[in-house]
Amino acid sequence: METKKLNIGLVGYGFMGRTHSNAYRSVRNFFDVPYEPVLKAVCARNPERAQAFANTWGYESIESDWRSLVKRADIDLIDIASPNDTHAEIAIAAADAGKMVLCEKPLGRTAAEAKAMVDAVEKAGVPNMVWYNYRRVPAVVLAKQLIDEGRLGRIFHYRAKFLQDWTISQDLPQGGEGLWRLDAGVAGSGVTGDLLAHCIDTALWLNGPIQRVTAMTETFIKERKHTLTGKVQKVGIDDASAFLARFGNGSLATFEATRYARGHKALYTLEINGENASILWDLEDLHRLQYFDHGDEGRLRGWRSIHITDSDHPYMKHWWVPGLQIGYEHTFIHQVADFLQGISEGQNPSPTFRDGLATDYVTDAVLKSARSGEWEGIEPEN
Ligand SMILES: NC(=O)c1ccc[n+]([C@@H]2O[C@H](COP(=O)([O-])OP(=O)(O)OC[C@H]3O[C@@H](n4cnc5c(N)ncnc54)[C@H](O)[C@@H]3O)[C@@H](O)[C@H]2O)c1
C-alpha cells in the first residue's frame, strides 16, 4: 500500500500528550494504515520542557505558542491535548487554517463552546475527532456488537459510574499544573465534564440518545488555595455528580461520578440489562467483558467472564496471540488507526466533534438540573 505522510502538530505534553504521541509512533507497527504520522512539532509554553519532550518522543521541532503552530504550512493535523479552556480557541483557529483537528474531551467547557467548534470544522470541511478513547476498548466494542446484533433484546437499564479519590484532602490547592481540573474557569466543570463525559459518550454510542435527566452535584470542599494567585478562593467545580436519565429507547439509567470514593482510582464501570442478556464492563479489568445470557441452558446459566484476547475479538488480530491481553494505551492506537483508515476512504470516523457536542449537551443539562432541582431535557435533541 502506498503510504502518505501526515504531519502532526501536538499541543500539550502532559498525560494525554504522551498517550497520543505513543499512538502515532506505534500505529504503523501494528496496523496497515495508509498514512504515516510524522511527529513534526510539539507545542507547550515552556520551551525547555517542550524540547525535552520532543527529544524523548522524537518530535522534529517545538513551538511555544499554539498560534505559530497553527500557522505552519508543514502541519496537516493539529492535535489538542491541553486543558479544556484551550480547546475551542485552538480548534477553531486550526479549522480556519484548513488543518485536520483532533481534540481531547470534553470538546468544550459548555455546549455553546463546543457548538462553535463543530461549526468551524464543518464549515472548513476538515476531518475531526474527539478522543473519547473508551469507544476503542475491544471489550466495549464487543458490547456494542452484541447490542447491535439484538442479543440483549429490549434494553431496560443502563448503569454507569466513574469513581476516583484523589481530591479528598482539604490541603490540595486548585489551579495550575496538574490541578487545573479543580479550577472551574479552566475545566468548565468538575467530575461532570471530566468523568461523566466519558460515561455519557459511551452510553450515547451503545444505547442511543438521552431524553431527560435529573441530577444532583456537591462540592464537598468549598474553598481551596489557588496555586496561581496564592489566595484561598471559592471552589467552583462539582466534586461529585449523580443523575438519573431516560433514554429514547425507553430504558432507565443511573450515572455517578466522584473524586471522593476512597479506595477507587479509576473505577469506570458500565452495566446494561436487556430482556435476554446483560453485559458488564470494568475499566480496572478492561480486557474482560462479563456477559449473562438468559438463553443458556438453565443448569449452566451464569455470568461468563470473556477474556477479550482472541483474534475474532475487535482489534485483537493486530496484537499478540490469543490469551495475551492489551491495555489502556492501545485504545489511543486504535483510535489513530481508525482515523487514518477513515480519512483515506473519505470518511470521518466517530466520535466526531458533532458526537462530542452531543455529550456536552447532556453535561450541560446535568449541571442545569443540579441547579434547578428539576428534570431537564437535552437541548437540542442529539
Ligand atoms: N481521553 C481521556 O481519557 C483523557 C484522560 C485525561 C485527560 N484528558 C483530557 O486531555 C486534556 C489534557 O489533560 P491532561 O491530563 O493531559 O493534562 P496535563 O495537565 O497532564 O497536560 C496538559 C498540557 O497542556 C499544556 N498546556 C496548558 N496550556 C497550554 C497552552 N495555552 N498552550 C500549549 N500548551 C498548554 C501543559 O503545559 C501540559 O503539557 C484535557 O482536556 C483532559 O480533559 C482526556
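Tutor: We shall call a residue buried if 20 or more other C-beta atoms lie within 10 Å of its own, exposed if 12 or fewer, and partly exposed in between, with C-beta atoms placed from the backbone. Helices (H or I, at least four residues) and strands (E, at least two) are DSSP runs, numbered from the N terminus. The model is predicted, with local features needing pLDDT of at least 70 and side-chain atom pairs pLDDT 80 or more, while totals for chains, interfaces and linings use all residues. Residues are numbered from 1 along each chain as its sequence is written.

Student: Which exposed residues does the face of α2 turned away from its buried side carry?

Tutor: In α2, residues 47-57, the buried residues are Ala50, Phe53 and Ala54. Because they cover an arc of only 100° around the axis (taken from the directions from the helix axis to the C-beta atoms), they lie on the same side of α2. The face turned away from that buried side carries the exposed residues Glu48, Asn55 and Thr56.

Student: Which strands stand at the edges of the sheet, each with a single partner strand?

Tutor: Two strands pair if DSSP finds at least two bridges between them. Six strands form an open sheet with parallel pairing, in the order β3-β2-β1-β4-β5-β6. One side of each edge strand is left without a neighbour in the sheet, because each has a single partner, and these strands are β3 and β6 (128-130).

Student: What is the bridge partner of Asp79 in β5?

Tutor: Strands β4 (77-80) and β5 (100-103) pair in the parallel sense over four bridges. In β5, the partner of Asp79 is Leu102.
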